[in-house]
Structure formats: structure tokens, C-alpha cells
Amino acid sequence: MKKRKGLWIIAAILLLAGVLAFSKGKIEFSTEDNQQLTFEYGQEIILPEVKAEYSRLLGLFGKKSLDVVQTGEIKNELGSYPLSWKASNNGAEKEIYMTVSIVDTTAPEITLVHQEDHFTDFGSEYQEEGYTAFDIHDGDLTEKVTVTSDGETVTYTVSDQSGNQATASRQIVYKDLSAPVITLNGSSSMSIKVGGKYEEKGCKAVDSHDGDLTDRVKIAGSVNTAKAGKYTITYTVSDEAGNTAKATRVVTVSKKSSSSSGSSSGSGSSSSSGSGSSSDYGTGSGGVVYLTFDDGPGPYTKKLLDILDKYNVKVTFFVTGNRADYRKYITEASRRGHTIALHSYSHSYSKCYTSLDGYWEDLNKLSDLVYQLTGKRSKLVRLPGGSSNTVSKKYCTGIITKICKSLTDKGYRYTDWNVSSGDAGGTTSASKVAQNVINGIKKHKVSIVLQHDIKSYSVDAVEEIIKWGLANGYKFLPMTSSSPVVHHSIRN
């Protein structure tokens, strides 16, 4: 009996050993299968820890930790990435899956630059202080920012490639920044004989914000007609904001009989080439317009001069020196009474904006050329691209700030513009150029208009601009050393 019982025990043990020998057991993972995980672009990706264990007969004989092999790759880019983990032991095998999605739901960030003491002149368009836009996925989006203004608020909007949109805004702070404009009645340069009579003709003063200030003009100086010599009469006026304008009239008392001569520009300064005639058309009741032309002279300058002669309108040419075939028109424009001002000899940004010394080398070369062609020195300047250009950053950081300070320190006056014709951009139609200018002039009592006499369609627009201006009471004048100027916000 005992022998039989022992045989049964041995048979049970052999049976159990056989079951264990042929059983594949069970593999279990520590995480769920088919998980969907989502991460924001730029966020640290932390995956669940995946472990695997092997067991037989419901774990009665213990569990064994297994090595896990992962397949699949997550890239640092938007998209969905499938991953898998596999474990095997003693013929048993199991695999689980997971999908990781990288998404972009974060809007770009717009940063506005706020310049200390930045104001916008009444009646002028806001001059941009600066802004940047950055997206965590797309990077720099500054050039894609859309800027709109309702006259009170400037709004900046930009979207990234995923459609996330950002918006920022700033309030426009207005302040009267423009000095009044003094227009002399009669000539700014007069000549009378000893014993003759000097009659003060007075002047008219108009401010873009305060209106007519003629009755506030202070006149200083006197003329002794009994003694030969030169006498200066000074006209000064300030607006409510404290902006002051000054003009002078030079009266020469001569022993020899001579008639009144000279031309009027609102200033007797010799630092500008050219001057405006007191008989220039336009009453000035609508405001004052300074037509200015950059980058010439060129093939259309002669046609422009003839159009201006037709209406006795004087303008300002910010000239260059890089077109030798047309330099004769600098002389001709000066002879006809227009102001010759300085733009750039080369109009090459790489020469002008690489260094301060490079800028002055270029400007002095142009100044000498203008003196050779006109016999006059000019200290009225417009920077290539204007003082607000950012292209100069490519060549030298901060160069515009240095140039503008240096110009001022050396007694030069630089000016930008408050009316753009659009002729240097996408506008190639004479009628569109004229409309752009007319629409701009309507916004100002004093308009400094930017055009280019190297553009045929811009020259073709001038007659329409003048006709409209004269019909609506505007007076056209050339710029002088005492004319108002417009300064854009410096962005480099």
C-alpha cells in the first residue's frame, strides 16, 4: 500500500514537471496598450516607464522581470509618432503600442518697442517705434506682422503656420512737434538806394495745429536808409507747444541806385542751394507743400523742371552724384531757383552705412560736387531710406543713431517726409502716385512730400498734384535752412 502511494506521488511530480516544462507562461506589461499621448511643441516629452514580467500558473511559482525592446522614434517636429515595446521569454512574446502626437497650440508673442518721449505730431501718421514677433515653432515672424491704425490705436496681428493668432496694440500719443511756417510777404533779399524808403511788408505765419499765427509774429531789426550797408530783419513766432520758427529778410542799402531783387524762400540763409520766388503760385490758405525729389537727377529731371516752370513752382531736389550724364541738371535746377539738397553720392547702403566715417566720406564727396556745380553749399540732408530704415542694421548696428547725431552736431539739418507718393514701392501709375500725394496733403497743414524724379510715372503725376494744390489754396515752396522738417523714429 505504501509502495503504491509513493508511486502516485512520483507520478504527480512528473506530471507537474511536464506541465511546467511545456507551458509558455504569461507576459504582463506595467502600462496600458494603445495609449494616445499629446505634447506641446517645445515641451519636454516624458513617456511612461514600461516594464514587463513573466509568470506561470497564475504566478504561483513567482514572476520574472524581462528586458523590454522599444522601437519607433519621436522627432522634434509636429506630427504623430507610433512607438512599440516588445518582451519575450521561453517562447512567449507580447508587444504593446503607443502613439505620441507633437502639436502647436501656442500663439506667437508680439513685443512692442516703446521709445522714451516718443510722440506723434498732430495731423501726421504714427511713426513706428518698433516691434518683434516670435513663435516657439516658426521662429521670427516679425516680417509677417500686419499693422493697422484707426488714428488712435495701432494694432499688430500675426499668425503662425498652425493658425494660432496673436494681437497687440498701442495707443498713439499725440503732441505738437512741428514749428510754424513763416512766409515772407515780398522778397527775402531786397536792395534800395541811400535816401530811399524801406517799407516793411510783413509776413504770414501758419501752424499745422494752431492755424494762423500771423498776429503773433515778432519783428526785430531796422533799416537805416541814410547809411549804406546790409540790414537784417528777423521774424520769429512760437506756437502753443513752444515750437519756434524764424525767418530773415536781408535789406541792402546801396549808394548806387538798384531795384529790388532776389528771390524769396522764407529765409535768407546761404546754406541751401536755390530759393523760391515770392510770386510762386498758391495762396497758402490750404497749407504749405514742400515737393521733394530723391535719387536724381536722371532722364526725367528735364521734363520735371519744365513742368515746374509752367506753374512757377519751386521744389527741393535731394540729389545723388552717381549719374554723371545727368549732373548738368543739378546746375540747371539751381539756376531755375530750386533747392539743391544732399542725399548720397553713391546711394550704396554698403558704403553709407558700414561706418560713420564711410557715411561722411560719401556725403562730403556729394557736397563738394554740388558746390562745384552750383557754387553753393547745402546743409539740408535726407538719409538714403530715411532715418527710420532698418536695412542699415545689415551693415552696422546703431549707425543711423550715430549719423543723425553727427549731422546735428555739425550743423546739418536732416529731414524725412510725412507724405509718401508710393513711387518707390508697388505704385507704378501716375494717377495712383498723384492720388497718394493728394490724399496725404489733405492730412497736413505742412506737407513734406517724397517722390523720385528717376521714376517717369512719378514725374508724370506732378502736374496733376500742382493743379489740385493750387485749386485748393495750397502754396508750394522749396525747403530752406529754416523750413520745418519731419523726423521719423530711428530704428537703428
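These are some notes on the predicted model above, point by point.

1. Ground rules. Numbering starts from 1 along each chain as its sequence is written, side-chain values use heavy atoms, and hydrogens and water are left out. Since the model is predicted, local features need pLDDT of at least 70 and side-chain atom pairs count only at pLDDT 80 or more, while totals for chains, interfaces and linings use all residues.

2. Overall make-up. The protein has 8 helices and 30 strands, taken as DSSP runs numbered from the N terminus (helices H or I with at least four residues, strands E with at least two). Of its 492 residues, 47% count as buried; buried is under 20% relative accessible area, exposed is over 50% and partly exposed is in between, with a 1.4 Å probe and protein chains only. Among contacts (heavy atoms within 4.5 Å) with a separation of 6 or more, 67% come from residues 24 or more positions apart.

3. The cores. A nonpolar core here is a set of buried Ala, Val, Leu, Ile, Met, Phe, Trp, Tyr and Cys residues joined through side-chain atoms within 4.5 Å. The largest has 53 residues, and L291, F317, Y353, Y359, V381, L383 and L407 touch the most other members. Helix α8 (residues 456-471) gives the most to this core, 7 residues. There is also a second, separate core of 19 residues, with A179, M190, Y235 and A245 among them.

4. Around Y353. Setting aside neighbours within four places in sequence, the contacts of Y353 include Y359, L383, P384, C396 and I403. C396 is buried at 18% relative accessible area, and C352 is buried too, at 0%. As for disulfides (cysteine sulfur atoms within 2.5 Å), the count is 0.

5. Aromatics. I'd look at the rings next: there are 6 aromatic pairs. Rings of Phe, Tyr and Trp (its six-membered ring) pair if their centres lie within 6.5 Å, with planes under 30 degrees apart called stacked, over 60 edge-to-face and the rest tilted. Y359 and W360 have ring centres 5.8 Å apart and planes at 80°, so they pair edge-to-face. Y359 is buried at 1% and W360 is buried at 7%. Together with Y412 they form one aromatic cluster.

6. Charges over rings. The rule is NZ of Lys or CZ of Arg within 6 Å of the ring centre and within 35 degrees of the ring normal. K379 has its charged end over the ring of Y412, 5.1 Å from the centre. K175 does likewise with F119, at 4.5 Å.

7. R382. This arginine is in the loop between β26 (380-381) and α6 (399-409), yet R382 is buried at 0% relative accessibility. Its side chain makes a polar contact with the side chain of D294 at 2.7 Å. (A polar contact is a pair of N or O atoms within 3.5 Å; within protein, one must be able to donate a hydrogen and the other to accept it, and residues adjacent in sequence count only if both atoms are side-chain atoms.) Beyond four places in sequence, R382 also touches residues including H343, D416 and W417.

8. Most residues other than glycine have a negative phi, and most peptide bonds are trans. G296 and P297 are joined by a cis peptide bond, omega about 0°, and P297 sits in the loop between β23 (287-294) and α2 (301-311). N34 has a positive phi of about 60°; this residue is in the loop between β1 (26-29) and β2 (35-40) and is exposed at 52%. N90 has a positive phi near 55°, lies between β6 (79-89) and β7 (92-103), and is partly exposed at 45%.
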